[in-house]
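Me: I am new to this structure and would like to learn how to read its features. Could you take me through a few of them?

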Amino acid sequence: MKFLCLCHYESARFAELTPADFEEIGAICAPHDAALKASGKVEMIGALGMPEQSRTLRAEHGAVTDLAGPYHSTPELFGAFFIVEADDVDGAVEIAKLHPGTHLGDKFGRGGIEVRPIEFIERP
């Protein structure tokens, strides 16, 4: 079964990070990222652009509207995602625990990872 893992963090804290913070984050993340990839259970990893770079399409009154910005604004934004293969949600959680974001703690944006089952994937 496939699971989508959505990585989120506090946008205000992320905006305050310095170049030195990013260097430290890289050093902390490298071994965890390697362990995640070495699990052999990760099918895809991706980073997302900032919410202000997004556009939202909505169906309204029989037409499609195209609005600048995210669908929903929140103080915690999704910054990355990955897809894993696991027997069940508990297995997916164990894989997600390897992700670097679960090891950064409060210092770097108090992020988290949401693990959600994927009901359907189509590759046309």
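Predicted model: local features only at pLDDT ≥ 70, side-chain atom pairs only at ≥ 80, totals over all residues.

Me: Which residues of helix H3 are buried?
Reply: Buried means under 20% relative accessible area (1.4 Å probe, protein chains only), and helices are DSSP runs (H or I) of at least four residues, while strands (E) have at least two. In H3, residues 89-96, the buried ones are Ala92, Ile95 and Ala96. Down the axis of H3 they fall within an arc of 100°, taken from the directions from the axis to the C-beta atoms, so they line one face of the helix.

Me: What covers the buried residues of H3?
Reply: Contact means heavy atoms within 4.5 Å. The cover includes strands E1 (2-10), E5 (76-85) and E6 (112-117), along with H2.

Me: Is threonine 56 buried or exposed?
Reply: Threonine 56, in strand E3 (residues 55-60), is buried, with a relative accessible area of 7%. Beyond four places in sequence, its contacts include Thr65, Leu67 and Tyr71.

Me: Where is aspartate 21 found?
Reply: Aspartate 21 is found in helix H2, residues 19-38. Setting aside residues up to four places away in sequence, aspartate 21 touches Arg13, Glu16 and Phe108.

Note on methods. Residues numbered from 1 in each chain as written. Heavy atoms only, no water. Buried < 20%, exposed > 50% of the residue type's maximum accessible area, 1.4 Å probe, protein only.
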